[in-house]
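Please read this short report alongside the sequence and the model. It moves from single residues to the whole chain.

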Amino acid sequence: MTDTQLYLAIGVPVLMNATMLMIAITSMNHRITDLRNTMEARFASIETRIEILTGKMAELTDRVTRLEERWERRP
């Protein structure tokens with residue numbers, strides 16, 4: 001076996017493994033990025049809903065306060 005054959009016998013599998021590893025890492029990176037974007041969109045939606053609920057609670061509190069004031073003014 002010549003030196004060139006030895007280098008090819010060792011080098012080709014190592015390069016193929018390195019290439020496959022890089023492809024797998026890139027694929028996982030894209031999947032993680034997609035998941036992150038999905039999670040950010042969901043959290044933004046939840047934050048919006050919480051803000052809406054907070055506004056509705058403030059309106060309800062104002063209504064109850066006004067009703068209490070009217071109730072206290074009754075003879």
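Lys-56 sits in helix H1. Helices are DSSP runs of H or I with at least four residues, strands are E runs of at least two, and both are numbered from the N terminus. The model is predicted, so local features need pLDDT of at least 70 and side-chain atom pairs need pLDDT 80 or more, while totals for chains, interfaces and linings use all residues. Residues are numbered from 1 along each chain as its sequence is written, and side-chain values use heavy atoms, leaving out hydrogens and water.

**Exposure and distance**

Lys-56 is exposed, at 52% relative accessible area. Here buried means under 20%, exposed means over 50%, and partly exposed lies in between (1.4 Å probe, protein chains only).

Thr-2 belongs to the segment before H1. Thr-2 is partly exposed. From Thr-2 to Thr-61 is 59 residues in sequence, and their C-alpha atoms are 87 Å apart in space.

The table gathers relative accessible areas.

| Residue | Relative accessible area | Class |
|---|---|---|
| Thr-2 | 46% | partly exposed |
| Tyr-7 | 59% | exposed |
| Arg-36 | 56% | exposed |
| Glu-40 | 42% | partly exposed |
| Lys-56 | 52% | exposed |
| Arg-63 | 52% | exposed |

**The salt bridge**

How many salt bridges does the structure hold? It holds 1. A salt bridge is a side-chain nitrogen of Lys or Arg within 4 Å of a carboxyl oxygen of Asp or Glu. Arg-36 and Glu-40 are the partners, and their closest N and O atoms are 3.3 Å apart. Arg-36 and Glu-40 are 4 residues apart in helix H1 (residues 3-73), so about one helical turn separates them.

**Surface patches**

Patches take residues with over 30% relative accessible area and no salt bridge; like charges are joined within 9 Å, and nonpolar side chains (Val, Leu, Ile, Met, Phe, Trp, Tyr) within 5 Å. Accessible areas come from the Shrake-Rupley method with a 1.4 Å probe, and for residues only the protein chains shown count as cover.

Met-1, Leu-6, Tyr-7, Ile-10 and Val-14 make up a nonpolar patch on the surface. Together they have about 590 Å² of accessible area. Tyr-7 is in helix H1.

Arg-63, Arg-66, Arg-70 and Arg-73 form a positive patch. Arg-63 is also in helix H1. Lys and Arg count as positive, Asp and Glu as negative, while His and the chain ends are not counted. Each charge is placed at NZ of Lys, CZ of Arg, CG of Asp or CD of Glu. The protein has 10 positive and 10 negative charges, and their mean positions are 11 Å apart.

**The whole chain**

The protein has 1 helix and 0 strands. Its C-alpha trace spans about 110 × 10 × 5 Å along the principal axes. The radius of gyration is 32 Å, whereas a compact globule of 75 residues would have one near 11 Å. That radius is taken over C-alpha atoms, and the globule rule is 2.2 Å times the number of residues to the power 0.38.

What share of the 75 residues counts as buried? The share is 0%. The accessible surface comes to about 7400 Å², and 64% of it belongs to carbon and sulfur atoms.
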